[in-house]
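Me: I have a structure to go through with you. Can we take it piece by piece?

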Amino acid sequence: MAKVRDDAMSSKLPPVMGWSTWNQFQQHINEGLILEVAEAMNANGLLDAGYRYINIDDCWQGSQRDKDGRLQFDIGRFPRKEGLIKELNTMGFKVGLYSSCGKMTCEDMPGSYGFEDLDAKTFANWGAEYLKYDYCHVVDLPTDPHYMQENFATEMPKILYIAISGIGPDGYERQFPTADKLVLDVPRGGTYQVAIGYEKEKAHHRKFLLVTANNDTDAQLWFPPTSGWNSPGRITANIELKSGENTLVLTNPIQGQREDSMLRYSRMGKALKNAALPGRPIFYSICEHGRTKPWTWAGKIGSSWRVSHDIRSTWGGIMKCYEATADLWSFQSPGAYNDPDMLEVGIGNLSDTENRSHFILWCMLSAPLILGLDVRYTDAKTMALITNPEIIALNQEGLLLQASRTKLNDDLDLLIKPLTKTSCAVCLFNKSETPTKEICIPISELLKHDERVCFATNGVLKVPPLKAHEVALFLFDDQGNTRCL
Ligand code: GLA
C-alpha cells in the first residue's frame with residue numbers, strides 16, 4: 001500500500017487522495033452504495049494505490065438536528081448511521097464528512113453555522129478524519145451582496161458597559177465601563193457570561209461584536225435589527241476564561257466578505273483542532289469557491305482550499321478550474337494546497353487524451369486527488385491511469401510543491417514541478433483544438449522559467465507533436481537524465 005502519513009494537521013502532509021460521492025452521485029447516496037464503492041476500491045487496487053479517504057459529501061444528513069442539537073444521519077438512507085464510519089475504517093479507509101459554514105448546506109441540509117464546536121465534536125467522536133466545509137446559505141449575513149451594498153458589516157453598536165458573571169455558585173460578577181480592551185481577574189477557570197449593555201439605535205441589519213479572551217477563546221455577539229424603542233439593550237454570550245488574569249479584546253473584525261469568511265472558516269478550524277481525538281487529526285478542506293481569494297488566508301487555517309466554482313465533467317469545465325489554479329503556485333506550501341476541485345476523470349465524455357491530461361495536470365498542481373467516478377465499473381485504461389504510481393508520486397512525494405505555470409504562447413503551457421533538490425517534472429500542455437508540431441528546446445532554457453529549480457541539466461528536449469488537449473510529461477534529474485512518462 002502507498003505510504004500514508006497519519007499526522008494530518010502537521011504541515012507537511014501530501015494532498016489527500018480518495019473518492020467522493022458528489023461528482024457522480026450528488027444527492028442520490030446511501031450506505032449500501034458507499035459500502036459497495038469501498039469494496040470495489042479494495043478489490044480493484046485503488047486503496048492500495050493510496051486512495052484512502054471515502055468522503056461522504058452533501059446529503060448524508062437528516063434535515064433535523066437531534067434533541068441535543070446534534071447533526072444526525074438520514075436514517076432512511078443510512079440505517080447504520082455513524083456505524084458506517086467504523087465499518088469503513090475496518091475496511092482500511094478514512095472517512096470524510098461534509099458541512100457548510102452557513103445555516104444550511106448547498107443542498108439545504110442543516111449547516112454548522114453557530115454549531116461549530118458541537119458539530120466538530122460530533123464528527124470527531126464518530127471517527128471522521130476529513131471535513132469538507134462549504135459556503136452556502138450565508139444569506140442573512142454581511143456576505144450577501146445586497147447587504148454589502150448597505151455596508152452594515154463593519155458596524156458595532158455603541159457599548160455602554162460590559163458585565164462578566166460567573167456561571168456557578170461563587171456569584172462572581174463585575175461590571176466595567178465601555179472599553180476596547182480590559183483586564184480582569186476571575187477566581188476560577190471555566191465558563192462565564194459576558195453581557196454587553198448597548199445603545200439601541202434603529203437599524204435594519206444585525207451588528208456584530210467579537211469578544212476574544214487571551215487571544216484564544218471568544219464569544220460572538222450579534223445585535224439584532226431593531227426599531228430602537230427601548231434603549232439600552234443587553235446581549236449575552238458565554239466565554240471561557242482562565243483562573244487569574246484575563247485580557248478581553250472587543251472588536252468587530254468584519255470589514256467585508258473576506259473577513260467574514262475568514263472568521264467562519266477559522267471558527268470551524270479551531271473547533272476541529274480542539275475536537276480531534278488523539279492520533280486522529282481531521283483534514284480540513286475549505287470549500288469557499290474562491291470568492292474572497294482564500295489562497296491569501298486559508299493556508300493558516302486549513303489543509304486545502306477550493307479556488308473556483310464547481311468543476312464540470314466537460315473539457316471546458318475542467319479548463320476553468322485549471323486556469324483558476326495554475327498561477328496560484330506561490331500561495332501553496334507543503335501541507336496547504338490550492339484545490340481546483342475533485343477529479344472528473346472517467347466521467348462524462350472526456351476522451352482518453354483528456355482524461356490523461358486532467359489527471360496529470362491535477363498531480364502537477366498538487367491538487368487533492370479526489371476521484372468522482374463510479375469506481376465499481378471502471379475500465380482498465382482509466383484504472384491504469386489513476387493508479388499509475390509514477391504519476392501519483394509527482395503529487396504525493398518529494399518537496400510537495402505545486403508546479404509553476406508559464407504560458408509559452410496562447411496555446412502552450414509549460415509546467416515545472418520541483419520534486420527534490422535535484423529533480424523536477426515538466427509538462428508541455430497543448431490547450432488548443434489543433435495539434436502542435438515537434439518542438440525542440442534546450443533544457444537549461446526551459447528550466448530557467450522556474451527559479452526554484454536551480455540545477456543544470458544539459459541537452460535539448462524534443463517534445464513530440466501533441467494532439468489537441470494533450471500533455472507531454474518528462475522527468476529531469478541533475479545527471480542530465482530525461483525520461484518521458
Ligand atoms: C457545492 C460544492 C460541491 C458539492 C456541493 C454539495 O456546490 O462546491 O463540491 O459539495 O456543494 O451540495
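Me: How far apart are the C-alpha centres of domain 2 and domain 3?
Reply: Those two centres lie 58 Å apart. The model is predicted: local features need pLDDT of at least 70, side-chain atom pairs count only at pLDDT 80 or more, and totals for chains, interfaces and linings use all residues. Residues are numbered from 1 along each chain as its sequence is written.

Me: Which residues does each domain cover?
Reply: Domain 1 is 17-142 + 258-396, domain 2 is 155-253 and domain 3 is 404-484. The bounds come from an automatic or database domain assignment.

Me: OK, the ligand. Which residues surround it?
Reply: W22, D57, D58, T105, C106, E107, D134, C287 and D310. A residue counts as near if its C-beta atom, placed from the backbone, lies within 6 Å of the molecule.

Me: How many of that shell are nonpolar, polar and charged?
Reply: Three are nonpolar, one is polar and five are charged. Here Ala, Val, Leu, Ile, Met, Phe, Trp, Tyr, Cys and Pro are nonpolar, Asp, Glu, Lys and Arg are charged, and the others, Gly among them, are polar.

Me: Next, the inside. How many residues are in the largest nonpolar core?
Reply: It has 110 residues, and I282, M364 and C427 have the most contacts inside it. Domain 1 and domain 3 each give this core at least three residues. A core is a set of buried Ala, Val, Leu, Ile, Met, Phe, Trp, Tyr and Cys residues joined through C-beta atoms within 7 Å. Buried means 20 or more other C-beta atoms within 10 Å of a residue's own, exposed means 12 or fewer, and partly exposed is in between, with C-beta atoms placed from the backbone.

Me: Where is the other core, and what is in it?
Reply: It lies apart from the largest one and has 17 residues, including I196, L209, L241 and L248.

Me: Back to M364. What does it touch?
Reply: L394, A403, L415, K417, A425 and C427, leaving out residues up to four places away in sequence. Contact means C-beta atoms, placed from the backbone, within 7 Å.

Me: And helix α9, is it enclosed or open?
Reply: Largely enclosed by the rest of the structure, because eleven of its 13 residues are buried. M364 is one of those buried residues, as are F359 and W362. The helix covers residues 352-364 and reaches 18 Å from first C-alpha to last, close to the 18 Å expected. That expected span is 1.5 Å times one less than the number of residues. Helices (H or I, at least four residues) and strands (E, at least two) are DSSP runs numbered from the N terminus.

Me: What follows α9?
Reply: S366, with a positive phi near 55°.

Me: Which other residues have positive phi?
Reply: Among them are N215, near 55°, and H469, near 70°. N215 lies in the loop between β9 and β10; H469 is in the loop between β21 and β22.

Me: Are those two buried or exposed?
Reply: N215 counts as exposed because it has 8 C-beta neighbours inside 10 Å. H469 has 20, so it counts as buried.

Me: Last one. Where is the cis peptide bond at P232?
Reply: It runs from S231 to P232, with omega near 0°. P232 sits in the loop between β10 and β11.

Notes: Two residues are in contact if their C-beta atoms, placed from the backbone, lie within 7 Å.
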